[in-house]
Amino acid sequence: MRKQTTAINTPFARPDAYGSLAMPIYTNVSFEFQDAQEMADVFCNRVKAPDYARIANPTVTHFEQRVKALTGAEHVTAFNSGMAAISTALFAVGMQGKNIVTSRHLFGNTMALITGTLMRFGIKPRLRDLTNLEAVEAAIDDNTCCVYLEVVTNPQLEVADLQAISTIAHRKGVPVIADSTVIPFTETNLKELGVDIEVVSSTKYISGGGTSLGGLIIDYGTFPQINQRVKYDLLINLGVYMTPQTAYMQTLGLETLDVRYQRQAANALWLAKELVEAPGIRNVNYVGLQDNPFYQQARKQFGPTSGAMLTIDLESKEKCYHFLNRLKLVHRATNLFDSRTLAIHPASTIFGLFPERQLEQMNVRQTTIRLSIGLEAQEDVLMDIILALQYDDL
C-alpha cells in the first residue's frame with residue numbers, strides 16, 4: 001500500500017471489543033494478567049503486551065506501529081516531546097569519555113543539550129562543518145559515539161550529504177542520528193541514505209495544528225544495542241513515554257499528514273518565489289528555490305518537496321521587530337508546521353541566551369525572520385507579509 005493508505009489503515013495489535021475504527025484512548029495505569037507466568041513473561045519482555053502505562057500503553061503502541069509501518073523501521077518509540085526523543089537517543093549512545101561529531105548549525109535547545117547538559121556527563125561535542133566531508137572524517141575517532149545532524153538545519157536551512165556522511169561513519173563503526181523534523185518521514189527514505197536513527201518532533205507536522213507535544217525515535221536496527229538501551233533502560237528509568245491522549249491525537253494527525261504537508265510545502269514554495277521580489281527583503285532562504293546552494297542536494301535526498309520553513313532577512317533587528325509587530329494574519333509564535341503560518345525572530349528568542357559571538361559561529365543573524373508556512377490561502381499570507389514590510393511609521 002502507498003503511504004497515505006498505510007497511515008489510515010494500519011491494523012490494531014488486538015481486535016477492539018466494540019469494533020472501533022479508531023484506537024481508543026487507554027487512560028488506565030495498570031493491566032491485568034491471566035496468571036503469574038504471563039505476568040512474569042510480559043515484565044521480562046518474553047511476551048509483548050502492556051505491563052505498566054509508564055512503559056507501554058495500547059494507544060501509544062498503536063501510534064508507534066503506524067509510524068513503523070510508514071517508515072519500515074525495526075523499532076519505533078514515542079516520547080513526550082521532541083527534545084525527550086533527542087536526549088534519549090544521545091544518552092543511548094553516549095557515555096563518559098565519548099564524543100559527538102555534530103554541527104554548529106543546530107536548533108537552539110539541541111545545541112544547549114550537546115554543548116551544555118551532555119558535557120556535564122562527560123560527553124564532549126566536536127563541532128564541525130558537516131558539508132565538509134574531510135572535516136567529518138577527521139573528527140571521528142575511536143571515542144566517537146555518533147554523528148548527529150539535522151537533515152535541514154533550523155533556521156540556517158543547510159543540507160548535508162547524508163549518504164556520504166553515513167558511509168564515512170559506518171566505515172568507522174559509528175551510527176548516524178538524524179533529526180528529520182523539517183521534512184516528514186513520509187517524504188524521505190533515510191534508511192536508504194544510511195541513517196541509523198531518526199529523531200522527530202512529532203509536535204510539528206504530525207500533530208496537525210499544534211495540538212500536542214511529542215517525539216519519536218525511529219530505529220532502523222543497524223545498531224541493535226541502541227534500541228536495547230532506549231527500551232529497557234532509558235524509557236523505563238527516565239519516565240519520558242508519550243501519553244495516550246497525545247498518541248490518539250497524533251494518530252489522527254498521521255491520517256491527514258500527507259495532504260497537509262503537500263499543501264504547506266506548495267504554499268512555502270509559492271511564497272518564497274513571491275518574496276524574492278518583495279521590497280524590504282534582503283534575502284529569501286528556502287531550499288526549494290533553484291538558486292539555493294542546497295537545492296540539488298535537497299532534491300536528491302527529499303524528492304520534489306522542500307518543507308514548509310523558510311527565512312527572510314531584513315535590514316536590521318529593529319526592522320525585524322517592526323515587521324513582527326505589524327503582522328495581522330501571521331502569528332507571532334514559536335513552533336513549526338502548525339496549520340497557521342507563524343513568524344519568529346530566532347536570534348532573540350530560540351537563541352536568545354547565546355552570546356553574540358556564538359550566534360555568529362552558528363550563522364544565526366539578528367536580521368533573520370523564520371516563517372513556518374501554514375494552510376491559509378497563500379495570497380492572504382503574502383499580503384499580510386507585504387503590508388508588514390512597510391516602514392512608514394518608523
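In which sense do S10 and strand S11 pair, and over how many bridges? S10 and strand S11 (residues 342-344) pair in the parallel sense, over two bridges. At this spot, His 331 stands opposite Leu 342 in S11. Before we go on, note that this is a predicted model, in which local features need pLDDT of at least 70 and side-chain atom pairs count only at pLDDT 80 or more, while totals for chains, interfaces and linings use all residues. Residues are numbered from 1 along each chain as its sequence is written, and side-chain values use heavy atoms, with hydrogens and water left out.

Let us step back to the sheet itself. Five strands form an open sheet in the order S8-S9-S12-S11-S10, with mixed pairing. Strands here are DSSP runs (E, at least two residues), as are helices (H or I, at least four), and both are numbered from the N terminus; two strands pair if DSSP finds at least two bridges between them. Strand S8 (283-285) and strand S10 (331-332) stand at the edges with a single partner strand each, so one side of each has no neighbour in the sheet.

Now look inside. A nonpolar core is a set of buried Ala, Val, Leu, Ile, Met, Phe, Trp, Tyr and Cys residues joined through side-chain atoms within 4.5 Å, and buried means under 20% relative accessible area, with exposed over 50% and partly exposed in between (1.4 Å probe, protein chains only). The largest core has 89 residues, and those touching the most other members are Phe 63, Leu 90, Tyr 148, Ile 177, Phe 185, Leu 216 and Ile 218. H4 supplies the largest share of this core, seven residues. Apart from it lies another core, of 26 residues, with Ile 281, Ile 312, Leu 371 and Leu 389 among them.

Leaving aside residues up to four places away in sequence, Phe 63 touches Ala 78, Ile 206, Leu 216, Met 242, Ala 247, Gln 250, Thr 251 and Leu 254, where contact means heavy atoms within 4.5 Å. Helix H5 is worth a visit too: Gly 108, Thr 110, Met 111, Leu 113 and Ile 114 are buried there. Their cover includes H4, strand S2 (99-102), strand S3 (124-127), strand S4 (144-150) and helix H12 (356-361).

On a 1 Å grid over the protein atoms alone, a cavity is a set of points where a 1.4 Å probe fits but cannot get out, whereas a pocket is an open set with protein on both sides within 12 Å along at least five of seven lines; lining residues have an atom within 4 Å of a point. Grid points are joined across faces, edges and corners, and a volume is the space filled by probe spheres set on the points.

The largest pocket has a volume of about 1200 Å³. Of its 42 lining residues, Lys 48, Ala 49, Pro 50, Ala 56 and Thr 61 are the closest to its centre. H3 gives the most to this lining, seven residues. The second largest pocket has a volume of about 530 Å³, and among its 26 lining residues the closest to the centre are Met 83, Phe 107, Ser 201, Lys 204 and Asn 335. The largest cavity holds about 50 Å³ of space, and its lining consists of Thr 181, Pro 184, Phe 185, Val 200, Ser 201, Tyr 205, Ile 206 and Leu 257.
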